[in-house]
Amino acid sequence: MKLSHRDEDGARLASLLWEFGPGRRAISSAMVGGGIGPAEWVLNAQVIGGYARMDPVDHLLEMAPPGPGVGMLTAASVDHFTRAADGGAEAVATVGLRVPTWAAAPDGAADPELAPMYLPGTVNIIVAVPVAMSDAALVNAVMTVTEAKSQALLEAGFPCTGTASDAVCVAVRDDGPEELFGGPRSLWGARIARAVHDAVQRGARDWADRSDITLKSRLITESAV
């Protein structure tokens, strides 16, 4: 895993590149490499708050290595990524909670994206496990990641399920016996859940400390109304 920096749009921005090499496939919600397919790398690239480029895929590919992979963007500080492991499952998270959001918000509610731009948003999560998984297990693993993320945010003091722009990637081996289950009580699902929970919870608390948020519940209430 490599952390690098670039100067762009008047800011110094970080990118985290996790290179697996051949022999992996991934499920992801990212703009580059989304869906299920081969993945030799995952790139999590920081952009400025208020990012407005209309060619995000081309932008990501300019920064990415050759070959198939997954690329995602975030306005959160990639420098402050958190990493956790459990029984061979590894999770990396970048956490920004400018617009903490409930998944099921009332129709017509005020757009939380109107929150102040100086507080970055988005929670991006990358998970890697050293086993193969069926397509169904991969989908189940994404559910597990999301549930563990929401649990971690709640326990860190943020009553929300995440933000509206969160992205996820779960990378597995593309050979060998396939795990059929990825839920939180399966062998690998449980390990994924614990690793994600640890990484996201520490990331959320770190973000709150750096953002000087002492009344997190007030921010969340205001953004959800």
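**Close-ups of a predicted model**

**View 1. Helices H2 and H3 pack together at an angle of about 35°, with their axes 8 Å apart.** The crossing of H2 and H3 is right-handed. On the H2 side, look for Ala-141, Val-145 and Ala-148, which are among the residues making the contact. From H3, the contact residues include Ile-192, Val-196 and Val-200. Sort the residues of this contact by type and you get ten nonpolar, five polar and three charged.

**View 2. The largest nonpolar core has 37 residues.** Val-127, Phe-158, Val-170, Ile-192 and Val-196 have the most contacts inside this core. At least two core residues come from each of strands S8, S9 and S10 and helices H2 and H3. Which of these gives the most? That's H3, with ten residues.

**View 3. Val-127 touches residues from well beyond its own stretch of sequence, including Glu-90 and Val-196.** Leave aside the neighbours within four places in sequence, and Val-127 is still in contact with Ala-91, Val-145, Cys-169, Val-170, Ala-171 and Ile-192, among others.

**View 4. Helix H1 (residues 56-63) has three names to find: Pro-56, His-59 and Leu-60, its buried residues.** Why are they on the same side of H1? Because they cover an arc of only 95° around the axis. In an α-helix there are 3.6 residues a turn, so residues three or four places apart point the same way. Strands S1, S5 and S6 are included in what covers the buried residues of H1.

Conventions:
Residues are numbered from 1 along each chain as its sequence is written. This is a predicted model: local features need pLDDT of at least 70, side-chain atom pairs count only at pLDDT 80 or more; totals for chains, interfaces and linings use all residues. Side-chain values use heavy atoms; hydrogens and water are left out. Buried means under 20% relative accessible area, exposed over 50%, partly exposed in between (1.4 Å probe, protein chains only). Helices (H or I, at least four residues) and strands (E, at least two) are DSSP runs, numbered from the N terminus. The arc is that of the directions from the helix axis to the C-beta atoms. Contact means heavy atoms within 4.5 Å. A nonpolar core is a set of buried Ala, Val, Leu, Ile, Met, Phe, Trp, Tyr and Cys residues joined through side-chain atoms within 4.5 Å. Axes are lines fitted to C-alpha atoms, for helices over the stretch in contact, and angles run from 0 to 180 degrees between N-to-C directions. A crossing is left-handed if the near helix is turned anticlockwise from the far one by less than a right angle, and right-handed if clockwise. Ala, Val, Leu, Ile, Met, Phe, Trp, Tyr, Cys and Pro count as nonpolar, Asp, Glu, Lys and Arg as charged, and the others, Gly among them, as polar.
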